[in-house]
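I opened this notebook to keep track of what I looked up, entry by entry.

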Amino acid sequence: MPEIAPYGAWTSPITAADVAAAGNTPQWLDVIDGEVWWAEARPSERGRVALVKAGHDGTVEELLPAPWNARNRVHEYGGRPWLAIDGKIAFTHWDDQRVHLRDPATGEVTALTAEPQVPQGVRYSDLRPGRPGEIWAVRETSTGPRRTDITRALVAIPLTGDGDRELTTTHHFLTAPQLSPDHTHAAWLGWNHPDMPWDTTELCVAPVAPDGTFGPHRVLAGGPGTAVCQLEWETPDSILALLDPDGWWNLHRIGLDGTARNLAPVTEELGGALWKLGLTWFTPLGDGKHAVLNSGRLAVLDEHTAQVTTIDHETTWAAGIAPYGNGIAGLAAGPRQETAVRHADLTTGTLTEITTGEALADRLPDPRYLPTPEERVFTAADGEPIPAYIYPPANADFTGPDDQLPPYLVHVHGGPTGRNYPVLDLDFSYFTSRGIGVVAVNYGGSTGYGRRFRERLREQWGVVDVADCVAVARQLVTEGAADPDRLAIRGGSAGGYTSAVTMTTERAFRAATVKYPILDLHRWTAAGGETHDFESHYLDGLIGPLPETADRYRDRSPINNTGTLAGPLLFLQGLDDQICPPEQADRFVASLNGTEVPHAYLTFDGEQHGFRKAETIIAALEAELAFYGQVFGFDTPGITPVDLRP
């Protein structure tokens, strides 16, 4: 018989250390000579990214041991950091951002690119095979003291260690060139400020001379109002690419003569936002069939019937799939499954775990303490749909009093051109197993629902996202699912901005957790100097062009509205964050000192954008639980209270 106890005060077997261990996630998967390789983030090793492969006996073999860290800073979000080439492993190392080559047979590591004069001042990403004996990549160079003093070029890196050779620079932002099967052409994507890669990109192609130099490029696809997010050579004369001329990322065949054909015109999103260089949403299977990700669901596109058939309705696949066996290998998660390396057999429809090293069944909590996400579609005031996933309180040992409703957290994803998926998230389970519900909102501007939905946020950031989150919270209250007096909003990065602006403009929430946020819009521009180059003109589309819309920047900046805060705030900030630098949170918190608004500010040395170290993840999560307990009035045994000061 479950024990009756106040919501929020339930005893849970899920600890913050368990959540940190779940951060041991796979990424950047590929299949090399019939074996599945992937990179793996390791919070227990201070966030190091290792490179491993699945052994034939189900074990994991480490290919890139400590201290090597396969990660890079290009666009500050990074991109594909490794490449298997000529029996060796090329990779970008976080500490120096150079490209290195490791010989697995001897363990010897040699640097292929020169040491920059300024530490991490020259960075490489999106490593691809080039002409024999060389790697092609994107090179990013810091040219001055500002975060926006950046140039980029496409380069060839010889395996002999002779530095790099510039190939071309056609746009301010570029993906690495890909070599045609007959080695006569190269293709890549490019875009310029103020566009983001999901706004407008161009698919470029150039001839490759026998000496390896590039001739003049042509634009084959893309352009104003069309975004290309992935390309793959199919034959010497044709390219497969995901682009959205009709408002949905669909798969097209594009000829070198400029002809283009949509292989299956569907009102489905088969691509995604190119936040990191090297992401893949489709892979050819042969015989006119292609594995695609339909808003995260694995599907097969048959160009003979022009149909897209979803294979797996329960599992969510991350961008990064590759042919393997009778199907594909990729990174997948489910409502009760962490992200793991899995194989989908497309002939039988079976899904198996390839390996995660330690068996997931031994690592996951008892399912009785895990919520099952419920997919819902709420309605905005203007009638627009608001997709969301509800994670209700779940604990087999406890139930709440009959006269009490649970507190609820509205989780705001980052980006804001991002989204939530209905998957197991131990970060959420940490709260739901203690009696605190979570609802993850895909507000207007989220990906996965077509360009029109994505552009609901154009010049409306701080308005539409706020209204959608408030609408979801109030509907949960109306339904009798959530306590109206114990609602909080939480988010990081762009989600931190929405959380903060909501607290200054609405009265729906009692408290907010604001992680590595944007708080001063004008400073977070190219002119303001407090963001990085990749997003330095992002606000042109999200808020409006400057100086014409300067009043919007002022009015929608939480730092200018601290006098209207609705309740207490918890700030969590990495001190090495180059995307949302600590100066933003520093000024906001300083402005609260001496006021009557309770607030706490925790900073973490050595953390960039998002938290990667186990000790940081644990400290941040325990502080957040303590914060809600102090604000909402429930006990948090064993958790140190945060220093809430007015």
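Which strand gives the largest share of the lining of the largest cavity? I looked this up in what is a predicted model, and I found that strand 19 supplies that share, with 3 residues.

**Entry: the cavities**

The largest cavity holds about 90 Å³ of space, and I listed its lining as Asp126, Arg128, Thr175, Gln178, Leu189, Cys229, Gln230, Leu231, Leu274, Gly278 and Leu279. Strand 19, which covers residues 228-235, and strand 10 each contribute at least two residues to this lining. Sorting the lining by class gave me 5 nonpolar, 4 polar and 2 charged residues.

**Entry: the second largest pocket**

I then turned to open space and recorded a volume of about 320 Å³ for the second largest pocket. The pocket is lined by 22 residues, of which Arg73, Arg123, Ser142, Arg146 and Ile150 are the closest to its centre. At least two lining residues come from each of strand 10 (122-129), strand 11 (134-142) and strand 12 (150-158), and strand 11 gives the most, namely 3 residues. By class I counted 8 charged, 8 polar and 6 nonpolar residues in this lining. I kept in mind for both entries that rolling a probe the size of a water molecule over the atoms shows where empty space is left.

**Entry: strand 30 and its neighbours**

How many residues of strand 30 are buried? I found 7 of its 9 residues buried, so that strand 30 (residues 337-345) is mostly covered under the cut-off of 20% relative accessible area. On one side of my search was strand 29 (residues 327-334), which runs antiparallel to strand 30 and is joined to it by 7 bridges. The two strands form a hairpin with 2 residues between them, and within this pairing I noted Val341 as the bridge partner of Leu331.

I next checked strand 31 (residues 351-355), which pairs with strand 30 in the antiparallel sense over 4 bridges. Here His343 stands opposite Thr352 of strand 31. This hairpin has 5 residues between its strands, and Gly349 takes a positive phi near 80 degrees in it.

**Entry: aromatic pairs**

My search of the whole structure for aromatic pairs returned 25 of them. Why is the pair of Phe431 and Tyr628 classed as edge-to-face? The planes of the two rings stand at 65 degrees, with the centres 5.8 Å apart, and so the pair falls in the edge-to-face class, for which the angle must be over 60 degrees. The pair links distant parts of the chain, since Phe431 belongs to helix 3 (residues 426-432) and Tyr628 to helix 10 (residues 614-632), with 197 residues of separation. Phe431 and Tyr628 are both buried.

I also looked at Phe571 and Phe588, whose rings form a tilted pair with 5.3 Å from centre to centre and 50 degrees between the planes. Phe571 sits in strand 39 (residues 569-574) and Phe588 in helix 9 (residues 582-592), 17 residues apart, and both Phe571 and Phe588 are buried.

**Entry: charges over rings**

I noted Arg71 over the face of Trp94, at 3.8 Å from the ring centre. The charged end of Arg419 lies over the ring of Tyr421, and I recorded 4.1 Å from the centre of that ring.

**Entry: two single residues**

Is Thr315 buried or exposed? I found Thr315 in the loop between strand 26 (307-310) and strand 27 (316-317), and it counts as buried because its relative accessibility is 4%, which is under 20%. From Thr315 to Leu331, 16 residues apart along the chain, I took a C-alpha separation of 9.9 Å.

I looked up Arg645 last, in the segment after helix 10. Its relative accessibility is 46%, so Arg645 counts as partly exposed, the class between 20% and 50%. Arg645 and Gly330 are 315 residues apart in sequence, and their C-alpha atoms are 46 Å apart in space.

Notes. Residues are numbered from 1 along each chain as its sequence is written. This is a predicted model: local features need pLDDT of at least 70, side-chain atom pairs count only at pLDDT 80 or more; totals for chains, interfaces and linings use all residues. Side-chain values use heavy atoms; hydrogens and water are left out. Rings of Phe, Tyr and Trp (its six-membered ring) pair if their centres lie within 6.5 Å; planes under 30 degrees apart count as stacked, over 60 as edge-to-face and the rest as tilted. Buried means under 20% relative accessible area, exposed over 50%, partly exposed in between (1.4 Å probe, protein chains only). A charge sits over a ring if NZ of Lys or CZ of Arg is within 6 Å of the ring centre and within 35 degrees of the ring normal. Two strands pair if DSSP finds at least two bridges between them. On a 1 Å grid over the protein atoms alone, a cavity is a set of points where a 1.4 Å probe fits but cannot get out, and a pocket is an open set with protein on both sides within 12 Å along at least five of seven lines; lining residues have an atom within 4 Å of a point. Grid points are joined across faces, edges and corners, and a volume is the space filled by probe spheres set on the points. Ala, Val, Leu, Ile, Met, Phe, Trp, Tyr, Cys and Pro count as nonpolar, Asp, Glu, Lys and Arg as charged, and the others, Gly among them, as polar.
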